[in-house]
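Subject: Structure handover and notes

Hi there,

Here is the structure I said I would pass on.

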Amino acid sequence: MKMSVEHPPSSPPPPPPPLPPPAPLPAPCPPSSAKKKLYQTIASSRSAVEGDHTEARLLLSQRESSFRPDLQWILVNTYVPSLIQDGPQCGLVALWMAACLRQPQLTVDMETVVHTALSRGYTAQGEMFSARNMALLAEEVCGCKAELLSGGLNGNNAAAIITHLWGRQPVLIPYDEDYNHEPCQRSGHRAHWAVASGVLLGLDHGTVSNAHAHPDPTLPWLCLAAESCSPCPIGSPALKEVYILAKQGKSLRYQLWRFDDVAQSNWQLRIMDPQRANDGTQYVVPQGGLQAGLAGQVVLLHTRTQTQ
């Protein structure tokens, strides 16, 4: 007879080794390291052309056939440095560029401009949809008088703007930006800011004397206004055409725009881009929207007049 043999109970299997800790999540990228916009990529391979007249001469020579040969063309410009915007900071970048013309010279860094605009509640993402707030910000960060014009860029306002530029003072201008950065009319969907630092006037010959303007050494049909130039000929019937020289935060280069095109673009700023308005991002938009905040408005910086 076989006898059964009892085996002692076997011990439970050892527990499985603990799982390795999960890999740490990648740190969020700061905004400046986000994917570059096309204009940032283009700018990274270029450099600004410095000088009051250097780049203007290049522009004018490329478009020489656009200018009436029966007029006397006179250029006034004061160079502003270039800065490429990071995000929707076009207005703040334009202000920084304009601040470089302050006299006596004042060093204003972009971080200070952004921080001040955020702390005052003028912006949430860098946008500036209020020309009035732009004027207040300009006075605070630049320590100079900022004059807000409203009612459109025609008549007395046009005369004030052109005279201001003739006096080598910058103007901050909101407008609708086309894909080539020039003024267009998109009802405000492409609202953008630029700083104008120069003006090109087409006048009947003999309007400005040789004592107040001298021929350009490279373009024989162009005259450069002397430092101690005569009063701006804005009220003269001899004035036939007006262009402005401007920079904006998506290019290192100056651009030359017809003043009438800028005025029309500025006047029709009415509605924020619906895609931007509904993208879930917070923006600071004044009561009445872009039409109340930007349309028909510009800011003149009196860079030689300090605020008290």
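Below is what I found, going from the whole chain to single residues.

A word on the basis first. This is a predicted model, in which local features need pLDDT of at least 70 and side-chain atom pairs count only at pLDDT 80 or more, while totals for chains, interfaces and linings use all residues. Residues are numbered from 1 along each chain as its sequence is written, and side-chain values use heavy atoms, with hydrogens and water left out.

The whole chain

The protein chain has nine helices and ten strands; these are DSSP runs numbered from the N terminus, with helices being H or I of at least four residues and strands E of at least two. Among contacts (heavy atoms within 4.5 Å) with a separation of 6 or more, 74% join residues 24 or more positions apart. The chain exposes about 16,400 Å², and carbon and sulfur atoms supply 54% of that area (Shrake-Rupley method, 1.4 Å probe; for residues, only the protein chains shown count as cover).

Helix α3 and what surrounds it

Helix α3 spans residues 90–99, and ten of its ten residues are buried. Leu92, Trp96 and Ala98 are among them. The buried residues of α3 pack against α4 (110–119), α5 (131–142), β3 (171–177), β5 (191–204), β8 and β10.

Thr303 sits in strand β10 (residues 298–306) and counts as buried because its relative accessible area is 1%. Ala98 is one of its contacts, as are Leu101, Cys144 and Pro170. A polar atom of the Thr303 side chain also lies 3.3 Å from the backbone oxygen of Leu101. Met128, in the loop between α4 and α5, is buried because its relative accessible area is 2%. Its contacts include Leu92, Trp193 and Leu294. Met128 and Pro88 are 40 residues apart along the chain, with their C-alpha atoms separated by 8.6 Å.

Where does Asn266 lie? Asn266 is in helix α7. With 0% relative accessibility, Asn266 is buried, and the residues that Asn266 touches include Leu153, Ile173, Leu294 and Val298.

A loop tryptophan

Trp221 belongs to the loop between β6 (213–215) and β7 (222–225). Beyond four places in sequence, Trp221 touches Leu60, Glu64, Phe67 and Trp73. The side chains of Trp221 and Glu64 make a polar contact at 3.0 Å (a pair of N or O atoms within 3.5 Å; within protein, one must be able to donate a hydrogen and the other to accept it, and residues adjacent in sequence count only if both atoms are side-chain atoms). Trp221 and Pro69 are 152 residues apart in sequence, yet 7.7 Å apart from C-alpha to C-alpha.

Happy reading, and do write back with your thoughts.

Best wishes

How values were computed:
Buried means under 20% relative accessible area, exposed over 50%, partly exposed in between (1.4 Å probe, protein chains only).
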